[in-house]
Amino acid sequence: MSYYGYNTGPSRAAPAQIRPVCHGLDDTGDCIARATTRGFCPTHQEQAVWLNITHISSEERRAHAEGRRCCGVTKKNALCRNNPGGNYQFCWLHGRQRGPSNVAPRPFFGVDSPERAIIRARMRELERLAAESGRRERAARDRWAQEEQQRREEARARAERDAEEHRRQREEEQRQQEERWHAPPPDPRSEWYEYQRSHQRQRRRNTRASGGHSHEEQRRQRDDRHEQQHSAQERARAEQEEQAARAAQDLQRGPILERYLIACATFDATQFSARNPNSFANIPWPVFARADGTVRVGDVTPANICFFFDANKMRRYKTPRERDVIVKRVAWRFHPDRFSVSRAVVATIGDLIGDAVERRAVVDAAEVVIKTVNGMRST
Ligand SMILES: [Zn+2]
Ligand SMILES: [Zn+2]
């Protein structure tokens, strides 16, 4: 039995001298070098600032780093304001404060010294912020790329739709054109009735607009109309309206004055003879043709001739000077010396045995034209 006296306890090894080890961290792991100044080896002594920045919140660091400022800390323990040219970078002054690129969550073995635990936590915090920022940026870039892709697809779809629409329109136009080409010509009478109906509607509207609301007013107007229905004035107005209708229809068909001038030139250049007889329809009367394209004997009236030239003037087909030239040519064309029964222009009209009625009508109409045109020129 062994016995140990009170004075001789089991011999314990003298406590090991605690060797101060550097608190720094680097890519190889935890530094095991001997600490020289304030707990750090010469390589890691600049990492001491991580211990001094307790007053800087992580939010502050994040805003600072994402504003492209250096993540380092100055000697006054403030965040450095240098711009190292990127997010979460260190400037050339503070590069040595940077920790390892992947900070381990805990030491490889043993436990951290309190200082190193703080340094590790703060380095990991900065790393987390940088990773989050990178994720956010990547997400934004992906979203933008996705939107860009979507925009491009939409634009392509729109272009295709437009092209399709355009093609459909062209086909429709072509179809309509073919239909028009093959369709029978419209009945001029139906056009004329349609015009009359629309004109009546317009007149009724005008009456209403001019304040004919009261029954009294309407009755008076109706009575007036009854009185005047057969008067010459009403008939003249009706004629003028018919002329207006013809003008509208002719204008729809094309430049009427151009066609008129061509007809005049053709007529002036023609030598009439027994083999090439003239006719009433052949003469370019200065009036608007009816809906079916003809001019009848009764159509050549002063009112219609004035309307023909006024309408043309109003439509600005010609300047006033050009219009005067046209009117002068009309006076020359229908000169009584030319339009006399003994001249070929009139003498060849109708069958040679004697269509005296048509010849008489032509001479009378020419006289009307001359008188009207002379009256226009003198004013
Ligand atoms: Zn070290
Ligand atoms: Zn810096």
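Modeller: The expected span of a helix is 1.5 Å times one less than its number of residues; helices (H or I, at least four residues) and strands (E, at least two) are DSSP runs numbered from the N terminus. This is a predicted model, in which local features need pLDDT of at least 70 and side-chain atom pairs count only at pLDDT 80 or more, while totals for chains, interfaces and linings use all residues. Residues are numbered from 1 along each chain as written, chains are lettered from A and ligands numbered from 1 in written order, and side-chain values use heavy atoms, without hydrogens and water.

Biologist: What span should helix 6 have, and what is the distance between its end C-alpha atoms?

Modeller: Helix 6 covers residues 256–269, so its 14 residues should span 20 Å, and its end C-alpha atoms agree at 20 Å apart.

Biologist: Which of its residues are buried?

Modeller: Ile256, Leu257, Tyr260, Cys264, Phe267 and Asp268 are buried (under 20% relative accessible area; exposed is over 50% and partly exposed in between, with a 1.4 Å probe and protein chains only). They line one face of helix 6, because they fall within an arc of 105° seen down its axis, taken from the directions from the axis to the C-beta atoms.

Biologist: And which exposed residues does the face turned away carry?

Modeller: That face of helix 6 carries Ile262 and Ala269.

Biologist: New topic: where is histidine 23, and why does it count as buried?

Modeller: Histidine 23 lies in the segment before strand 1 (25–26). Histidine 23 counts as buried because its relative accessibility is 13%.

Biologist: What does its side chain join in a polar contact?

Modeller: The side chains of histidine 23 and serine 113 are joined by a polar contact of 3.0 Å (N or O atoms within 3.5 Å; within protein, one must be able to donate a hydrogen and the other to accept it, and residues adjacent in sequence count only if both atoms are side-chain atoms).
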